[in-house]
Amino acid sequence: MGQQIDSAFLEILASKICHDLISPIGAVSNGIEFMEEMGADAVDDAIDLLKFSASQASAKLQAYRMAYGAGGGDVSIKPEDVHKSFGKFIELDKKITQDWDPYAPLGPEERSEGFSKMLMCALLLCCEGLPKGGTISVTKAGEDLTAITAQGDGAGLKPPMIQALANNMDQATLEPRYVHPYMCGLMAKKYGFELSASKNEDGLVELHLKSPAA
């Protein structure tokens, strides 16, 4: 990646992923216990809980695999795959919606390696800038430039998140809430992209994803 990764950073990243998955996976276990304790009368409620929790865990795993996993950088992964996976990620809490066409031109004429991975990373970062929910869109902003925009009440990225995105933080002292933007910065460097916040105003966040030169 062109930058040494501290073991403390890997520990924080693993902690973040585990933290986000503990709740839905724990709920699956609770649903099974509930069914065992209450018997046939609780089957319908328990199944609803199991379905919801399993869907939530699966959606998070798919999104994180695309954002952080090696396979996410493959050129075979298209924007429509990102749209579908991210849609499942935001579907269950019902606070955030996405409004963009994955089949429309989004920047480069030919998809670069890692484009879909970086798109997912940017979408997940926008989620962190929407504490009260809102709408996220993706549009073409130039021949090699893609804009990912988040709008909503109180939308905004805190200054430390901007620092983390630029990798201007010590990995050893990085707080868990800043691990994702830091990872976005690392991934951008690995694949030759530039990911930055072009706008960060009250109610609006716009990220620019600049693709590698052809």
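Helix α2 passes helix α3 in a left-handed crossing, whereas the crossing of α3 and α4 is right-handed. The model is predicted. Helix α3 (residues 79-91) packs against α2 (residues 43-68) and also against α4 (residues 115-128).

**Packing of α2 with α3**

- The angle between α2 and α3 is about 140 degrees, and their axes lie 8 Å apart.
- An angle over 145 degrees would count as roughly antiparallel; α2 and α3, at about 140 degrees, are therefore oblique to each other.
- From α2, the residues in contact are Ala-59, Lys-60, Gln-62, Ala-63, Tyr-64 and Met-66.
- From α3, the contact draws on Asp-81, Val-82, Ser-85, Lys-88 and Phe-89.
- Sorted by class, the contact of α2 with α3 comprises six nonpolar, two polar and three charged residues.

**Packing of α3 with α4**

- Helices α3 and α4 pack at an angle of about 25 degrees, with 9 Å between their axes.
- Angles under 35 degrees count as roughly parallel, so α3 is roughly parallel to α4.
- On the α3 side, the contact is made by Pro-79, Val-82, Ser-85, Phe-86, Phe-89 and Ile-90.
- On the α4 side, the contributing residues are Phe-115, Ser-116, Leu-119, Met-120, Leu-123, Leu-124 and Cys-127.
- By class, 11 nonpolar and two polar residues form the contact of α3 with α4, with no charged residues.

**Residues of α3 found in both contacts**

- Val-82, Ser-85 and Phe-89 of α3 are listed in the contact with α2 and in the contact with α4.
- Asp-81 and Lys-88 are among the α3 residues that contact α2, while Phe-86 and Ile-90 are among those that contact α4.

- Most residues other than glycine have a negative phi.
- Lys-94 is located in the loop between α3 and β1 (96-98).
- The relative accessible area of Lys-94 is 68%, so this residue is exposed.
- With a relative accessible area of 9%, Asn-167 is buried, whereas Lys-94 is exposed.

How values were computed
Residues are numbered from 1 along each chain as its sequence is written. This is a predicted model: local features need pLDDT of at least 70, side-chain atom pairs count only at pLDDT 80 or more; totals for chains, interfaces and linings use all residues. Side-chain values use heavy atoms; hydrogens and water are left out. Axes are lines fitted to C-alpha atoms, for helices over the stretch in contact, and angles run from 0 to 180 degrees between N-to-C directions. Helices (H or I, at least four residues) and strands (E, at least two) are DSSP runs, numbered from the N terminus. Angles under 35 degrees count as roughly parallel, over 145 as roughly antiparallel, 65 to 115 as roughly perpendicular and the rest as oblique. A crossing is left-handed if the near helix is turned anticlockwise from the far one by less than a right angle, and right-handed if clockwise. Contact means heavy atoms within 4.5 Å. Ala, Val, Leu, Ile, Met, Phe, Trp, Tyr, Cys and Pro count as nonpolar, Asp, Glu, Lys and Arg as charged, and the others, Gly among them, as polar. Buried means under 20% relative accessible area, exposed over 50%, partly exposed in between (1.4 Å probe, protein chains only).
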